Amino acid sequence: MQTKLRTKASATLTVNNKQIELPVYEGAVGPDVLDIRKLYGEGGVFTYDPGYQSTASAESQITYIDGDEGVLLYRGYPIDQLAEQSNFIEVCYLLLHGELPDAEQYKTFEKAITHHTMLHAQFDRFFEGFRRDAHPMAVMVGTVGALAAFYHDSTDIDDSYQRMVASHRMIAKMPTIAGRAFKYTIGQPFVSPRNELDYASNFLRMCFAVPAEDYVVNPVLARALDVFMILHADHEQNASTSTVRLAGSSGANPFACIASGIACLWGPAHGGANEAALKMLDDIGDVKNIPDFIKRVKDPGDDVRLMGFGHRVYKNYDPRAKVMQKLCHAVLKEVGAENDPMLKVAMELEKIALNDEYFVNRKLYPNIDFYSGITLKAMGFPTSMFTVLFAVARTVGWIAQWAEMIEDPSQKIGRPRQIYTGAPRRDFVAMDKR
Ligand code: CMC
């Protein structure tokens with residue numbers, strides 16, 4: 001990656017009676033950035049920013065978010081335009097290569113992904129080692145990490161061809177692994193990929209087909225899954241992507257890095273939120289219970305949160321949530337579940353929260369997870385698969401960000417510092433003297 005950082009100005013910081021000049025860079029859009037790399041060397045101090053609230057951890061040319069305006073761009077293209085006019089494979093190409101493909105490039109890329117969907121036959125034995133009641137995310141973390149044990153010819157991160165092959169393999173094999181993780185937990189035989197199907201249809205088939213009858217893909221559900229994946233494909237330096245970058249900064253192979261991203265995604269504050277949001281709607285159960293629930297959310301002594309609301313970056317309506325809400329209605333209509341009580345609870349909850357000063361003052365708006373759980377449930381997925389679907393979709397973003405980092409000449413191993421507040425040096429005390 002060629003740097004596009006432009007020095008705009010400099011800032012002077014006085015530390016320990018010493019003046020330090022720090023460059024201020026401007027990006028293509030978004031806030032300026034203060035380069036503090038020489039701060040410790042010249043000023044002898046670290047910065048303190050747990051949770052990275054004011055820290056840009058990387059220069060990136062992939063995704064841009066304006067949290068105040070509710071804007072999300074992949075390589076400059078607005079998410080709503082991509083969701084409406086593109087498809088997941090084209091978006092994968094865009095994220096990886098920086099530009100939309102022409103017809104020939106699209107065909108070649110689609111073929112490469114389609115022809116990497118199968119898994120090594122021996123790989124299936126990994127699934128057998130898990131308990132049948134294992135959470136499919138546990139199966140994903142273990143099996144994706146195990147890919148490195150099978151595809152040795154794409155683990156050399158200094159070889160650009162191997163990096164590309166690893167990228168194709170992961171985008172292609174993730175639905176196959178996810179389908180198997182699902183089938184294993186419900187005790188059904190694994191379904192192999194079919195090359196004549198598009199990415200989303202193939203995935204649906206690997207999850208829902210059974211040997212006893214032909215599986216006919218519902219085009220409305222396939223398109224909904226495709227759009228779900230476009231919406232989740234990348235989200236700049238979120239927790240799991242930063243985890244992938246940090247793991248990759250040590251030179252770890254790409255399969256191991258993506259496994260670390262999946263592990264991070266699992267948490268309820270991140271990818272696990274769609275599962276948590278659906279559970280919350282289920283617990284509320286009826287519109288009449290909403291006021292009591294909202295009271296609990298607002299009570300500082302109660303740690304209940306309105307799941308699917310709030311975001312570290314969006315302080316406006318999450319642009320993905322708008323698309324997801326529309327998608328939710330389309331899917332529920334298709335499966336004849338427009339009157340699902342959960343949808344009623346969700347819509348009422350959203351209306352109340354958007355007008356309640358607790359949420360308004362804190363700029364808490366629905367995020368993508370608020371409606372994605374209901375949508376996935378209507379498509380036939382159990383809640384335990386929701387984060388798995390997120391992981392399948394986000395794989396391309398993780399890989400694009402990982403590849404960008406490897407190609408960045410300023411890349412260094414990630415090594416945050418700390419402010420130590422523990423015991424100062426002291427001498428060991430023998431057991432009988434304590
Ligand atoms: N419900 C109730 N109050 C909330 C919520 C919520 N969902 N989110 C934040 N707040 C309150 C919080 O209590 C705090 O209030 P106060 O100032 O009185 O202490 C204030 O808003 C700021 O919250 P914060 O925790 O400091 O904000 P954060 O930026 O660290 O947290 C978040 C962001 C997404 C973790 C948080 O909003 C949250 O827990 N939301 C619910 C989980 C969720 O939906 N996560 C999905 C995120 S989108 C998908 C993804 O990117 O993975």
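Predicted model: local features only at pLDDT ≥ 70, side-chain atom pairs only at ≥ 80, totals over all residues.
Helix 18 spans residues 386–406 and contains 21 residues. The distance from its first C-alpha to its last is 30 Å, close to the 30 Å expected at 1.5 Å a residue. Helix 18 is mostly covered, with 21 of its 21 residues buried.

One of the elements that pack against helix 18 is helix 9, formed by residues 219–232. The two axes lie 8 Å apart and meet at an angle of about 65 degrees. Angles of 65 to 115 degrees count as roughly perpendicular, and helix 9 and helix 18 are therefore described as roughly perpendicular to each other. Their crossing is right-handed. On the helix 9 side, the contact is made by Leu-225, Phe-228, Met-229 and His-232. Helix 18 contributes Leu-389, Phe-390, Val-392, Ala-393 and Arg-394.

A second pairing involves helix 14 (residues 319–334) and helix 17 (residues 369–378), whose axes are 9 Å apart at an angle of about 25 degrees. Because angles under 35 degrees count as roughly parallel, helix 14 is roughly parallel to helix 17. The crossing of helix 14 and helix 17 is left-handed. Helix 14 supplies Met-324, Gln-325, Leu-327, Cys-328, Val-331 and Leu-332 to the contact. These residues meet Tyr-371, Ser-372, Ile-374, Thr-375 and Ala-378 in helix 17. In an α-helix there are 3.6 residues a turn, so residues three or four places apart point the same way.

Note on methods: Residues numbered from 1 in each chain as written. Heavy atoms only, no water. Helix = DSSP H or I, 4+ residues; strand = E, 2+ residues; numbered from the N terminus. Expected span 1.5 Å × (residues − 1). Buried < 20%, exposed > 50% of the residue type's maximum accessible area, 1.4 Å probe, protein only. Axes fitted to C-alpha atoms, helices over the stretch in contact; angles between N-to-C directions. Parallel < 35°, antiparallel > 145°, perpendicular 65-115°, else oblique. Left-handed = near helix turned anticlockwise from the far one by under 90°. Contact = heavy atoms within 4.5 Å.
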